[in-house]
Structures are given as C-alpha cells and as structure tokens.
Amino acid sequence: VYEDDVLIRVEATTISTRDCLERIRRDNDESLSSETWVPGHEAVGRVVRAGSESKRFLGRRVAVLLPAGGGCSRYVRCHAADLIAVPERASSQDIVFLLSTYLTAYQCLEGYFEIDQSCCVPFKMDEYLLREEDEEGESVSSGKRRSPLFGKRMLISGAGSPVGLALIDVAKHAGAEVYALSHNHHEDEVKEMGVKEGDWYPWLQKEEWRTGLAGKMDIVVDTIGDYGNYSYFYDVMASGGKFMRLNTTSAGKKLVQGALMQGDKEYFPLFKDYKGNHINEVAVDYNIFDSFEEDKQLFTEDLTYLFSLLRHGKIKRRVFSHIDFEMVDQEWGEQLKGYTDILVVLCNE
C-alpha cells in the first residue's frame with residue numbers, strides 16, 4: 001500500500017440496485033464493456049495493513065464508500081482520509097445497511113431543510129410533534145418537538161426500492177404525509193411501511209396519480225433518475241414545492257446521456273418545455289459520495305445517530321438476502337436478472 005493508504009479486510013458489503021444499473025451502463029458502453037468491474041459501493045471491515053503515514057489506523061474497524069465499486073472483494077485498498085470510524089460493538093451488517101439505505105434517505109431530507117428558511121428545528125426523525133386525541137376526540141400535542149417535515153405532503157417515486165422504503169420510514173417518523181409510487185409487486189412492502197391504501201399508486205399508471213395528486217405535494221423525491229416523468233412531477237407539486245433528486249446514489253442519472261452543464265446545474269436535452277426547466281430550477285440534488293466529501297464530520301454524526309435508532313429498534317434492517325463471499329458470483333448473476341428492488345449483504349465476518 002502507498003504511504004497514506006490502508007488495506008481493509010472486508011466484513012460486509014452490498015449488491016444493490018446501484019450496482020445492477022452500473023453493470024447495465026457498462027454493458028451498453030463499448031469503451032467500458034470489456035473492463036473488469038467489481039460491484040459493491042460501500043464496505044465495512046478492519047484495517048489489516050497501513051502505509052507509513054497511516055499506521056494509526058492499523059487494527060481499527062472502519063467503513064468506506066467506494067464510488068467506483070469494488071466492495072465485493074476479500075480486501076479493499078483506500079485512502080486513509082476516506083475512512084469512517086465504526087464502533088467495535090457495531091455489527092458490520094448494520095453499518096453497511098445504513099450506508100446503503102437510511103443514510104441516503106436521512107441526508108436527502110436534511111437537504112430539504114437547508115433550503116427551507118422557515119425550518120428552525122434541527123431534523124431528528126424521532127423527535128417530531130406527536131398528535132393524539134383526547135377523550136372528546138380533539139387533537140392534542142404530546143409535547144415532543146415538531147419536525148420541519150410535520151404535516152408536509154411528500155411523494156416518493158421508486159418507493160419500493162431499499163432507499164425508497166427507508167425514505168418512507170424517515171418521513172413517517174417525522175410526521176409527514178407520505179404518498180408513494182412503485183411497481184405493483186412492491187405494493188405490500190410499501191403499505192407495510194405505513195403508506196395508506198389510497199396514498200399508494202402504481203408507478204406506470206401515470207395519469208391516475210397525476211390526476212389524484214395534482215398540485216398537492218410539498219416535496220417530490222425521485223429515487224430512480226425518473227427524468228421521463230418530470231412533467232408529471234411538476235403537475236403534482238404544490239406552489240413552492242421542492243424536488244429532491246438522488247442522482248448517482250441510485251445510479252439513475254448515470255443512465256441519462258448528453259446532460260448539459262449550465263453553471264453548476266445539469267440540464268437534460270429532453271427538458272425543452274417550461275415544466276422540465278422549472279423542475280431543474282427547484283431541484284435539490286443529493287449524492288452520498290459528495291455528501292461525505294463536503295462534510296465528513298456531519299456524515300459521521302448522521303451515521304452514528306441512525307445507528308443509535310437502529311440499535312434501539314426505532315428503525316429496522318430490511319434486507320433481501322444475506323450471503324457469504326463464496327456465493328458472490330452466483331448471487332450477482334441472479335440479481336442482474338431482476339435488479340429493481342434488491343439489497344444483498346455479503347458477509348465475511
């Protein structure tokens with residue numbers, strides 16, 4: 001290893017929707033299709049070798065984000081500055097699950113609060129203002145702090161994905177009124193997370209949900225790079241509504257060709273009408289890799305907070321399957337056949 005690098009023995013990593021979409025992108029790009037590529041965009045493990053400038057990390061349990069993949073390996077080399085400290089008591093599977101799902105959901109919504117000047121209360125998903133009914137049926141407060149999300153109407157596109165389900169959980173805990181779009185085979189999962197019967201819509205029934213939700217949504221979150229529906233998203237947004245776009249977190253934007261840069265914003269050629277341009281103007285982009293680079297301390301604090309919620313049972317780990325490293329090739333092939341909704345945790349503990 002180089003002087004400021006470390007070598008990590010991987011204990012847990014993932015295969016997720018992001019990996020499957022990246023594989024498809026590479027298969028359709030002649031310049032990349034012949035290259036060897038290993039899935040796994042996050043990993044947790046222990047430092048077993050360190051360069052001369054990184055000896056202080058030797059033996060420590062750490063997590064790392066891998067923008068280029070590579071986590072589905074016995075060992076991963078990375079720069080010491082990119083390490084995230086992991087408590088010795090923490091399960092590797094728990095941490096890698098949070099990195100893959102809840103951290104994206106939580107920080108995505110934190111981005112909304114940063115642009116909402118009316119929000120004066122720090123966002124903590126377990127500290128929203130509960131509403132209860134007294135003996136006469138009147139709504140009363142239980143005394144908890146009110147979250148900036150309380151009472152907001154939120155539409156989540158791709159709600160059946162691992163990140164989408166985490167978004168539902170975060171938003172519901174914070175008191176938001178959640179509406180969901182997903183494929184039909186995710187309906188039960190989405191409703192089990194607390195989305196009401198009439199608030200779930202089949203993703204493909206575009207006219208149905210556009211008509212039913214027209215002008216009502218304070219927040220629209222796109223988890224899948226669903227740029228083809230941006231005019232529909234515009235129609236369901238309330239006046240002053242915000243659009244949250246997860247970008248490469250779910251790999252959707254990687255599949256869009258020909259994005260144009262204008263200042264520090266990206267504009268896609270398909271957006272030639274007013275609706276498409278407006279969506280771009282109000283969009284708040286979130287990318288977990290950029291988030292880590294921009295504020296590593298906040299990133300670590302948020303991960304620690306979510307781990308505490310998981311440890312105390314306020315959020316639950318929802319994983320499609322657990323496998324060991326000997327089954328990577330077989331599982332990878334299976335997931336590529338149906339890549340829309342999976343999160344597989346690979347264990348080497």
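This briefing looks at aromatic contacts and a charged surface patch in the structure above. Please keep in mind that the model is predicted.

**The Y230–F233 pair**
- The ring centres of Y230 and F233 are 6.0 Å apart and their planes meet at 45°, so this pair is tilted.
- Both residues sit in helix α7 (residues 230–236), three residues apart, which separates them by about one helical turn.
- Y230 counts as buried at 2% relative accessibility, and F233 is buried too, with a relative accessible area of 0%.

**From F233 to F243**
- F233 also forms a tilted aromatic pair with F243, at 5.7 Å centre to centre and with 35° between the planes.
- This pair links distant parts of the chain, 10 residues apart: F233 belongs to helix α7, while F243 belongs to strand β12 (residues 237–245).
- Like F233, F243 is buried.
- Y230, F233 and F243 are among the members of one aromatic cluster, which also includes W209 and Y232.

**The negative surface patch**
- Helix α9 (residues 288–294) gives the most to the negative patch, contributing three residues.
- With a relative accessible area of 43%, E301 is partly exposed.

Technical notes. Residues are numbered from 1 along each chain as its sequence is written. This is a predicted model: local features need pLDDT of at least 70, side-chain atom pairs count only at pLDDT 80 or more; totals for chains, interfaces and linings use all residues. Side-chain values use heavy atoms; hydrogens and water are left out. Helices (H or I, at least four residues) and strands (E, at least two) are DSSP runs, numbered from the N terminus. Buried means under 20% relative accessible area, exposed over 50%, partly exposed in between (1.4 Å probe, protein chains only). Rings of Phe, Tyr and Trp (its six-membered ring) pair if their centres lie within 6.5 Å; planes under 30 degrees apart count as stacked, over 60 as edge-to-face and the rest as tilted.
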